[in-house]
Amino acid sequence: MAGSGAPAAPRDHEPVAYKPSWPDRTVRTTRGHLVNSCVPKSLRSKATTLTTSDGVHLSALVLGEGPDGVLLDHEQGYNICSFVDIGRELAQRGYHVVIPEYRNHGASEESADNEHIDRDARAGLAELRRVGATRVFLAGASCGGTTAAVAGVDTPLRVTGLLMMSSPARCGGLDAVAAVRKHKLRVPTLLMVSPGDMDGAVERQVREVYAASSARDKELVIDKSGFHGTDMIKRTGAAGTALQNRVITFVTDSYAASR
């Protein structure tokens with residue numbers, strides 16, 4: 001009957017012809033979208049193509065459904081699979097997850113401009129809004145965390161929390177210190193870093209972000225593994241599993257606190 005039931009899901013984006021950054025690691029889905037071959041076959045149907053404000057085409061995964069969104073931004077030099085495991089877990093817990101693959105990475109388009117990766121994060125946020133999310137938890141590793149914070153300042157979505165893993169205070173022209181001082185990012189904030197990362201240089205920058213944050217509920221986790229970004233939670237063993245569980249719990253607790 002007309003007007004009954006849940007609203008129809010928005011149509012997927014049409015596939016786009018472009019040159020992927022890593023063609024030897026790129027496959028095409030049955031729908032025609034390009035996706036990194038590291039993505040499990042069971043998830044490739046969730047791949048789509050996003051287009052940034054400056055016309056760059058990005059491969060992305062859209063997992064789960066509902067109004068509670070999570071943006072997961074990977075490290076520079078890594079790829080979409082940095083966050084696939086945690087993204088799948090969050091989707092199973094009822095969150096709407098978008099994982100964009102940055103320009104010049106994996107199955108996303110090559111671009112002469114590698115400075116404006118905040119546009120890639122903004123494309124991910126726009127996709128969350130398009131598919132029905134009204135709130136978002138911002139998360140990223142290394143420069144991905146920096147860009148998630150910067151892009152989150154002006155998103156129309158309601159921000160519920162922020163996770164930055166080994167994220168520099170500044171990445172190119174992007175300034176995480178300025179971002180976390182903003183009123184909109186006065187949300188539960190979790191910063192993670194290993195003191196051995198780049199002989200302490202990364203820890204110094206993460207502590208600068210932590211000191212600048214205006215969040216009342218903020219936490220700095222010092223992980224002694226020596227790993228960078230998502231490698232802290234992807235490493236084998238109990239410590240990596242415990243840290244990943246801590247991240248998932250932080251996301252769920254941040255959403256609970258926002259209600």
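Tutor: Buried means under 20% relative accessible area, exposed means over 50%, and partly exposed lies in between, with a 1.4 Å probe and protein chains only. This is a predicted model, in which local features need pLDDT of at least 70, side-chain atom pairs count only at pLDDT 80 or more, and totals for chains, interfaces and linings use all residues. Residues are numbered from 1 along each chain as its sequence is written, and side-chain values use heavy atoms, with hydrogens and water left out.

Student: Which residues of H5 are buried?

Tutor: In helix H5, they are Val202, Glu203, Val206, Val209 and Ala212. Helices (H or I, at least four residues) and strands (E, at least two) are DSSP runs, numbered from the N terminus. H5 covers residues 201-212. The general rule is that an α-helix has 3.6 residues a turn, so residues three or four places apart point the same way.

Student: What do the buried residues of H5 pack against?

Tutor: They pack against E8, helix H4 (176-180), E11 and E12. Contact means heavy atoms within 4.5 Å.

Student: What makes the span of H2 agree with expectation?

Tutor: Helix H2 (residues 118-130) has 13 residues and should span 18 Å; its end C-alpha atoms are 18 Å apart, so the two agree. Its buried residues include Ala121, Leu125 and Leu128. After H2 comes Gly132, with a positive phi near 115°.

Student: What makes E11 mostly covered?

Tutor: Strand E11 (residues 189-193) has 5 of its 5 residues buried. In a regular strand the side chains alternate between the two faces of the sheet. Here one side carries Thr189, Leu191 and Val193, the other Leu190 and Met192, and all are buried.

Student: How do you know that E11 pairs with E12?

Tutor: Two strands pair if DSSP finds at least two bridges between them. E11 and E12 (residues 218-222) have 5, in the parallel sense. Strand E8 (residues 158-165) also runs parallel to E11, with 4 bridges.

Student: Why is the unit of E11, H5 and E12 called right-handed?

Tutor: With the strands pointing away from the viewer, a right-handed crossover takes a clockwise path from the first strand over the helix to the second. E11, H5 and E12 make such a β-α-β unit.

Student: Why is the pair of Tyr95 and Tyr255 called tilted?

Tutor: Rings of Phe, Tyr and Trp (its six-membered ring) pair if their centres lie within 6.5 Å; planes under 30 degrees apart count as stacked, over 60 as edge-to-face and the rest as tilted. The structure holds 2 aromatic pairs. In one of them, the centres of Tyr95 and Tyr255 are 5.2 Å apart and the planes stand at 40°, so the pair is tilted. Tyr95 is in the loop between helix H1 (84-92) and strand E6 (96-100), and Tyr255 is in helix H7 (residues 238-258), 160 residues apart.

Student: How do you know that Tyr95 counts as buried?

Tutor: Its relative accessibility is 8%, so Tyr95 is buried. Tyr255 is at 0%, and therefore buried.

Student: What makes the pair of Phe137 and Phe250 edge-to-face?

Tutor: The planes stand at 80°, with 6.0 Å centre to centre. Phe137 is in strand E7 (residues 135-141) and Phe250 in H7, so the pair ties together parts 113 residues apart in sequence. Both Phe137 and Phe250 are buried.

Student: What makes Lys218 lie over the face of Tyr210?

Tutor: The rule is NZ of Lys or CZ of Arg within 6 Å of the ring centre and within 35 degrees of the ring normal. Lys218 lies over the face of Tyr210, at 4.6 Å from the ring centre. Arg25 lies over Trp22, at 4.8 Å.

Student: Why is Asp199 called exposed?

Tutor: Its relative accessible area is 74%, so Asp199 is exposed. Asp199 is in the loop between E11 and H5, with a positive phi near 55°. Most residues other than glycine have a negative phi. Ser166 also has a positive phi near 55°, but at 1% relative accessibility Ser166 counts as buried.

Technical notes
Expected span 1.5 Å × (residues − 1).
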